[in-house]
Amino acid sequence: AHGMKPSGRGHYLTLRVQDYLRLEPTEYLNDTLIDFWMLWISQGDSIMTHFFSTHFFSTLTKKGPEGVKNWTMKRSIDIFKKQLIFIPI
C-alpha cells in the first residue's frame, strides 16, 4: 500500500492492491483513486482551486447544506475566492 497525506486535509489516502486493480481497462474507478488523482493534480495550486473529496456530494445530497457547511470553514478556505471548484459526482 502507498499513502499520501494531503496538505491542509485531515485524512490520509492509502492506495491498496485492490485500488491498483481498478485501473484495468474494464474496471470502474473507486473513491480512493479519484481522491488520489485530485490530490495529485492539485499539488501546488491550492490558491486558485479547491478539490472536494468524493464524499462531499454524497453528504450534500443526504444531509443537505447543513451536512457540509463546515467542510471549508475548519481550514479557513473561502471557496468564493477560488477560480475553480471540483466536486466529483
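Me: Which helix does Thr-59 lie in?
Reply: Happy to start there, keeping in mind that this is a predicted model. Helices are numbered from the N terminus, and the one holding Thr-59 covers residues 55–63. That helix is α3.

Me: Is Thr-59 buried or exposed?
Reply: The relative accessibility of Thr-59 is 17%. Buried means under 20% relative accessible area, so Thr-59 counts as buried.

Me: Which backbone oxygen lies 2.8 Å from a polar atom of the Thr-59 side chain?
Reply: A polar contact needs a pair of N or O atoms within 3.5 Å. The Thr-59 side chain has a polar atom 2.8 Å from a backbone oxygen, and that oxygen belongs to His-55.

Me: Leaving aside neighbours within four places in sequence, what is Thr-59 in contact with?
Reply: Contact here means heavy atoms within 4.5 Å. With the close sequence neighbours of Thr-59 set aside, the list of partners is Gly-64, Gly-67, Val-68 and Trp-71.

Me: How many salt bridges are there, and which residue does Lys-69 pair with?
Reply: Side chains of opposite charge can pair when their charged atoms come close. The count comes to one salt bridge. In the pair formed by Lys-69, the closest N and O atoms are 3.2 Å apart, and the partner is Glu-66.

Me: Why does Glu-66 fall in one accessibility class and Lys-69 in another?
Reply: The cut-off for exposed is over 50% relative accessible area. Glu-66 has 58% relative accessibility, so Glu-66 counts as exposed. Lys-69 has a relative accessible area of 43%, so Lys-69 is partly exposed.

Me: What should helix α2 span, and what is the distance between its end C-alpha atoms?
Reply: Helix α2 runs over residues 31–42, which makes twelve residues. The expected span is 1.5 Å times one less than the number of residues, so α2 should span 16 Å. The distance between its end C-alpha atoms agrees, at 16 Å.

Me: Which residues in α2 are buried?
Reply: The test is a relative accessible area under 20%. In α2, the buried residues are Leu-33, Asp-35, Met-38, Leu-39 and Ser-42.

Me: Where is Leu-29 found, and which residues make a nonpolar surface patch with Leu-29?
Reply: Leu-29 is found in the loop between α1 (17–21) and α2. Leu-29 has 52% relative accessibility, so this residue counts as exposed. The patch is about 300 Å², and Leu-29 makes it together with Tyr-20 and Leu-23.

Me: Which strand does Thr-49 lie in, and what does Thr-49 touch?
Reply: Thr-49 lies in β3, which covers residues 49–51. Its relative accessible area is 7%, so Thr-49 is buried. Not counting residues up to four places away in sequence, Thr-49 touches Lys-82 and Leu-84.

Me: Which residues is Phe-86 in contact with, leaving aside neighbours within four places in sequence?
Reply: Phe-86 is found in strand β4, residues 84–86. With 32% relative accessibility, Phe-86 counts as partly exposed. Its contacts, near sequence neighbours aside, are His-50, Phe-51 and Phe-52.

Me: What pattern does the protein follow along the sequence?
Reply: There are four helices and four strands in the protein. Read along the sequence, they give the pattern β-β-α-α-β-α-α-β.

Conventions:
Residues are numbered from 1 along each chain as its sequence is written. This is a predicted model: local features need pLDDT of at least 70, side-chain atom pairs count only at pLDDT 80 or more; totals for chains, interfaces and linings use all residues. Side-chain values use heavy atoms; hydrogens and water are left out. Helices (H or I, at least four residues) and strands (E, at least two) are DSSP runs, numbered from the N terminus. Buried means under 20% relative accessible area, exposed over 50%, partly exposed in between (1.4 Å probe, protein chains only). Patches are made of residues with over 30% relative accessible area and no salt bridge: like charges are joined within 9 Å, nonpolar side chains (Val, Leu, Ile, Met, Phe, Trp, Tyr) within 5 Å. Accessible areas come from the Shrake-Rupley method with a 1.4 Å probe; for residues, only the protein chains shown count as cover. A salt bridge is a side-chain nitrogen of Lys or Arg within 4 Å of a carboxyl oxygen of Asp or Glu. A polar contact is a pair of N or O atoms within 3.5 Å; within protein, one must be able to donate a hydrogen and the other to accept it, and residues adjacent in sequence count only if both atoms are side-chain atoms.
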